[in-house]
Amino acid sequence: WRIVPALFQPAMSDESCPPPVAPKQSTIMSLQEAATGKKSHWAELEITGRVRHLGSSLWRLSHLTGLYINNNLLTALPPDIGRLQRLEYLNLSRNQLRTLPSEIGTIYATQQMYSYCPSWALRWEYRKKGIVEEITAWDADIISLQEVETAQYYNLFQEVLRLRGYEGYFCAKSRSKHVSEEDRMHVDGCAVFYKTEKFTVVQKHMVEFSQVALANACGSEDMLNRVMTKDNVGVAVLLEVNKEMFTGGLKPVMDRQLVLVANTHLHWDPEYSDVKLIQIMMFLSELKTIAERASGVCWPPTKSPPIPIVLCADLNSLPDSGVVEYLSTGAVSEIHVDLKELTYSKCLSNFSCSEKPSGSVTHNFHLKSAYESSLMPYTNYTYFFKGMIDYIFFSQSHLSVLGLLGAPEGPWLSQNVIGCPHPLVPSDHFSLLVQLELHPPPAPPPAAWPIRHHGGMQYLRKGR
C-alpha cells in the first residue's frame with residue numbers, strides 16, 4: 001500500500017500544522033441517470049468529519065483501491081483493514097494514530113511496503129513456490145510455521161506436506177471465530193507438521209491467550225484492556241516417538257517416549273512488551289498443565305518435567321528482552337522493565353510454574369535456545385529492521401544439539417540483499433533448523449507427587 005507521508009508527525013500547534021488535505025472531487029448520479037440504468041462504479045472512498053471510530057461494514061468493501069480517512073480523530077485501526085486486499089492508496093494523515101496493526105505491514109506484501117523488491121517477486125504465487133521448496137528441501141521430522149493464512153494451510157501446506165508423509169495441526173487466531181467464512185480463510189495462525197512414520201499424535205491443544213487472560217485477570221484492568229484484547233494463539237502437539245524408527249531394532253526402548261512440541265507467534269507491537277511477556281508466561285503455564293496430565297504425575301517444583309518440550313516461536317522479541325530472559329533463565333522479576341509498572345501484580349502468580357522466589361515469576365522447564373545471537377544475528381531481515389526475533393527452545397535435561405543451520409552468508413547477504421523478501425529469498429524471515437538428540441526417559445518421580453487435576457530429530461521453524 002502507498003501510505004501518505006507525515007503519518008506519525010509529532011503534535012504541532014494549529015499554526016505550524018500543514019493545511020488539511022482538500023476533499024476529493026465527486027460526482028453524484030442523478031435520478032434520471034439511475035432511471036436509464038446507468039451503473040455506478042467507485043473504487044475509492046473518502047470519510048472525513050472528525051470521525052473517531054470506523055464501522056465494521058467498511059472492511060467489507062473489498063473492491064476498494066483507494067481509502068481516504070485523513071482529517072479525522074482516529075486513534076487506532078482494527079486488524080480488519082487487512083481484508084482490503086486490493087487497496088493501493090491509503091491516506092491516514094492528520095489523525096491521532098500512534099501504532100498500526102500488523103496486517104498493514106506483515107501479512108500482505110506489496111510493492112509499496114517492500115519497494116526494494118521487484119513486484120513480480122512479491123506476488124504470493126511466486127513466493128509460495130520458494131517457501132515450499134525450502135521447507136521440503138530440509139526434510140525435517142517436525143515443522144513449525146507461523147503467520148500461515150487459513151486458506152494457505154488447507155489449500156497449500158497441508159496438501160503438499162501430506163504427500164511427503166506429514167500430518168499437521170493448525171489453529172487460526174482468535175478473531176477467526178467472529179468473522180464470516182470468507183474472511184476466516186484470510187486469518188493467519190500457527191501450524192505444526194510431523195512425520196507420521198516417526199511419530200504418533202497423542203493430543204492436540206490450542207491455547208487462546210485472550211481466554212487465559214480473561215480467566216486470570218484478577219480484576220487487573222491492564223490484563224483486560226491490553227492482554228485480553230490481543231488474539232494471538234499457541235498450539236501444542238503431544239507426540240509419541242515410534243521407537244523402531246529411532247532404535248533401529250538394536251536397543252529396545254522399554255518406556256513410552258513422549259515429546260511435546262509447542263508453537264506460537266506473540267504480539268508484534270514493540271510498545272506492548274508487557275503483553276508479550278505475559279503471553280509467554282501464560283503459554284508455559286498451559287504447557288505445564290498439558291505435560292502433567294499427559295504423564296499422569298505432577299513433577300516436583302525443583303525437578304525437570306518428565307516430558308521433553310520443544311518450543312518453536314516467533315517471539316517478536318530481541319535476545320535482551322524479558323521474554324527471552326524468562327525462557328532462558330526460568331525466572332523474571334514481577335517488576336521487570338518490560339512490564340511497564342502496570343497493574344499485573346495480582347495475576348502474575350497464577351502463571352508461576354515452580355517454587356516462586358519472592359517477587360519473581362518462574363518455570364522449571366530448563367529451556368535452552370538452540371541458537372545464540374552471535375550465531376544467528378538476525379532471523380527477520382528487512383530494509384527497516386534486522387534482528388533476531390525467532391527461536392527454537394528445548395528441554396536441556398532431555399535433549400541436546402547435534403547440529404544447526406547457520407545464518408545466510410554475511411558478505412553475500414550484505415552486498416546483494418538490502419532487505420527481504422528478495423527474488424532469491426521469498427520470506428522476510430529466515431528458517432531455523434536444528435538437529436536434536438533425544439536422551440533416554442528419566443526415572444519417574446516418586447509416588448508422593450500425584451497428579452493435580454487443575455485448570456536424532458530435526459525441527460524446522462519457518463515464518464512466512
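**Notebook: features looked up in the predicted model**

I began with Pro421, which I found in the loop between helix H13 (410-416) and strand S19 (432-438). I note that the model is a predicted one.

Next, I looked up Arg94. Arg94 is not a glycine, yet I read a positive phi of about 55° for it. I located Arg94 in the loop between S4 and helix H2 (102-107).

I turned to the salt bridges, of which the search of the whole structure gives 15. One I followed up is formed by Asp183 with Arg83, where the closest N and O atoms lie 2.4 Å apart. This pair links distant parts of the chain, the two residues being 100 residues apart. I placed Asp183 in helix H6 (residues 181-184) and Arg83 in the loop between strand S3 (66-68) and strand S4 (89-91).

I then examined how helix H10 (residues 273-295) packs with helix H11 (residues 322-329): the angle is about 30°, and the axes are 8 Å apart. Because angles under 35 degrees count as roughly parallel, I recorded H10 as roughly parallel to H11. On the H10 side I listed Lys276, Leu277, Ile280, Met281 and Leu284. These meet Gly322, Val323, Tyr326 and Leu327 in H11. I sorted the residues of this contact into seven nonpolar, one polar and one charged.

I noted a nonpolar patch of about 550 Å², made by Leu318, Tyr383, Phe384, Phe385 and Ile418. Of these residues I located Tyr383, which sits in the loop between strand S15 (380-381) and strand S16 (386-387).

How values were computed. Residues are numbered from 1 along each chain as its sequence is written. This is a predicted model: local features need pLDDT of at least 70, side-chain atom pairs count only at pLDDT 80 or more; totals for chains, interfaces and linings use all residues. Side-chain values use heavy atoms; hydrogens and water are left out. Axes are lines fitted to C-alpha atoms, for helices over the stretch in contact, and angles run from 0 to 180 degrees between N-to-C directions. Helices (H or I, at least four residues) and strands (E, at least two) are DSSP runs, numbered from the N terminus. Angles under 35 degrees count as roughly parallel, over 145 as roughly antiparallel, 65 to 115 as roughly perpendicular and the rest as oblique. Contact means heavy atoms within 4.5 Å. Ala, Val, Leu, Ile, Met, Phe, Trp, Tyr, Cys and Pro count as nonpolar, Asp, Glu, Lys and Arg as charged, and the others, Gly among them, as polar. Patches are made of residues with over 30% relative accessible area and no salt bridge: like charges are joined within 9 Å, nonpolar side chains (Val, Leu, Ile, Met, Phe, Trp, Tyr) within 5 Å. Accessible areas come from the Shrake-Rupley method with a 1.4 Å probe; for residues, only the protein chains shown count as cover. A salt bridge is a side-chain nitrogen of Lys or Arg within 4 Å of a carboxyl oxygen of Asp or Glu.
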